[in-house]
Structure formats: structure tokens, C-alpha cells
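Notebook open, structure loaded. I want to look at the ligand site and then at one of the helices.

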Amino acid sequence: MLKKTTAALTTALLVTTLGACAKAADDTASTTAGASAQQRVQATASGTALCTSETYNGGVPKLDLKTITVGFAQSEKEANPFRITETQSIKDEAAKRGIKLITTNAQSDLNKEIADIQGMIAQGAKALIISPLNSEGLDPALKAAQDAKVPIMTIDRLLTTKTACTDYIGWIGSDFVKQGARAADAMITATGDKGEVAILLGASGVNVTVDRTKGFKDQLAAKNSGLKIVAEQTADFTREKGRSVTEQLISANPGISAIYAENDEMALGAVAALKAAGKKAGDIKIVTIDGTKGAVQGIIDGWVAAVIESNPRFGPLAFQALDDFYSGKGVPATTIISDKEYTSDNAQAELANAY
Ligand code: GZL
């Protein structure tokens, strides 16, 4: 993701917006997931122009969001707090804006996500917000939307082979490479920069997995780390596979002293495996990414060393993008959000902001 953003940035004005005041807002501990839990724009990149209904895909009808149905296509089943929170954020923002929303859930099945999107268009959705399951493979759904002149805003995972303002309006999400690098820094701190690391990889075919892995490895190399990666295996971003894969990894590699989990669900599965193996909290240092309440509680309980946030509360920015698309203000190709970090220093105070 970063290389794509970098390319866009070479010809674009990098706008760092909201960072400073949001940082200040973030510093205050909060008792409930309030304003400081919301997504904050860290940077945007737009190539040569912002995207509007007049420029998108040769031009689409300029509509009033209040009078149309918007469809939201969720990718993975809502067993993962990331997905639960993402969907709720979209629903809450639609309700706040008085917009009619229909939603689907692909249950982690690409063909179902395609059918879901085609179905919502058939049901009369005139604009879509899509959280892609994979970075490729949605072509039949994208074509159905193009043929119906239904614009698509993408959030979270990136359609790496598609074009902004042609196949989709724009994309909002985290800098996943940077998340991996921040996880590496946290791992270096947690381990004293020595020991054997196993990586629980996310799902294959997803830019998030590629980028979080690249960021982690590149940062260890850049820091000339003493840590050694002895194993890496996908656990598909799920808790049950996080547990089963960790059982295998610690059995095959008894010297493992650290685990980098590319999401919290896998990390919590790993904790279950370590407990079953008779390990104590802190025996094996775990660094993970998402920011769920379970993982942040894991820091408080000593099982997790650090959590890099991946904020799923896309509702406000996604609907603001659709608003800007139709108003003519325009939408950037890339909107990168800021993500917090949880450690033993702030986990208790910030637990309310976890999801
Ligand atoms: C990241 C998102 C990932 C989460 C996982 O933005 O795509 O997918 O980190 C989820 O929890 O499965």
C-alpha cells in the first residue's frame, strides 16, 4: 500500500489534516469510546484531481444521499470485533444522516461478496460502500456497478489492481506497512531485541497481510535487529486457526520467544494455545494489530506486549466521502487514517477506546 500511496504522492499534494488536534484529543484518557476513538485522517493523496459524480467513470447521476438507498457490503463474518465495529459504524452514521442503508455480509466467501453486491444493485442501491474480502477478484461486481452507474467507495482492504475514480471512487484505510513497522519496533522493545519470532500471517490474497508482513520484516532489517524469524504461517485472521497454528509452531519450534500476530483474533488464539501448553503470561512476547478490547485486556493481564490499532470505525469518513462526491467537493484517491498504539503504559486508561 505504501508504494502505491508513494506513487500517488509524487504527483499529489500530501495533505496532513486533523493530525495535530486529533493527537491532542487522543491524549486524554476517556471512559467511553467517544470522539477520540473515531477515525482521524492522517494524510490524503489524489493524483491529479479529486473525484466527483461528474468525473467518475465518465460521469454518473448527481444524487441526494437523503433520497437514495446506499448499500454496504461487509466481507467477513461478524465474529471478529473488527468486523462488528466496522458494520456498526456504517449503520450508525447512516442513521445519523437519515440515509436508507441496506447491508450484506459475505461470510468470508468471495463469490458471495460478488453476489451480495450484484443483489444490492438489483434491489435499487444507487451508491455502495464496499469492504473488500480480497484485494482482487471482485471484477463481476465492479462491472455490474459500472453498468448500472452505481459508484463505489472502498474502505479497509485495497483493490490493488483497480483504478480510483474509474473502478471505485476512492479508498479509506490504514497504512498497513507502517502498522507492521510499528509492530516490529514494539517487538524489539518487548524482547530486548533478541530471540526467535514466529509470525501468524493474515489471510492470503489480501494487501493487508502482504503489507503488515513487509513492514515488520523491513523494519527489523532497517534496525539491524537481533530477532530471528524462525516460522511464519497463515492463520487466516481467525481465532481458532490462531490457536491451532500456534500449537503446531511452539511444538515444532520450542525456542520461540515471541509471536507477531497480524491481527488480534489470531493473537488471542495464540494466547489460548500458550495457556494450554502451560506457559505463563509474558513467557512468550506477543505483539498484534487491531485494537480490540480482548487484546488490550491481554496487555493488562500480561499476555500481550503491545497492540497497534487498526481503526475500523469507517462510518463518518465513508459517508462524508459520498457527500463530497455528490456535492462536487471531490474525494481523494487515498485517505490514510491514523492509528493509536496500546502498551502497558496506557492500556488501562485507553481500554474504553478499544473495540
Ligand atoms: C485490517 C482488516 C483486517 C483486520 C482483521 O484493516 O482488513 O481484517 O486487521 C480483519 O482483524 O480480519
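Predicted model: local features only at pLDDT ≥ 70, side-chain atom pairs only at ≥ 80, totals over all residues.

Ligand site to begin with. I count 13 residues around the ligand, and the closest are Glu76, Asp156, Arg157, Arg212 and Asp290.

For Glu76, a side-chain N or O atom sits 2.7 Å from a ligand oxygen. Arg83 puts a polar side-chain atom 3.1 Å from an oxygen of the ligand. With Asn263, the polar side-chain atom is 2.9 Å from a ligand oxygen. How much of the ligand does the protein bury? On its own the ligand exposes 320 Å², and 99% of that is buried by the protein.

On to helix H8, residues 239–252. I checked its length: at 1.5 Å a residue, its 14 residues should span 20 Å, and the end C-alpha atoms are 20 Å apart, so that agrees.

Which residues of H8 are buried? I get Gly242, Val245, Thr246, Leu249 and Ile250. Looking down the H8 axis, I see these buried residues fall within an arc of 130°, so they line one face of the helix.

For packing partners, I find the buried residues of H8 against strands S7 (194–201), S8 (226–234) and S9 (256–261), plus helix H9 (264–276). On the face turned away from the buried side, I note the exposed residues Glu240, Ser251 and Ala252.

Technical notes. Residues numbered from 1 in each chain as written. Heavy atoms only, no water. Helix = DSSP H or I, 4+ residues; strand = E, 2+ residues; numbered from the N terminus. Expected span 1.5 Å × (residues − 1). Buried < 20%, exposed > 50% of the residue type's maximum accessible area, 1.4 Å probe, protein only. Arc of directions from axis to C-beta. Contact = heavy atoms within 4.5 Å. Near = heavy atom within 4 Å. Polar contact = N/O pair within 3.5 Å; in protein donor to acceptor, adjacent residues only side chain to side chain. Areas by Shrake-Rupley, 256 points an atom, 1.4 Å probe, with all protein chains shown as cover.
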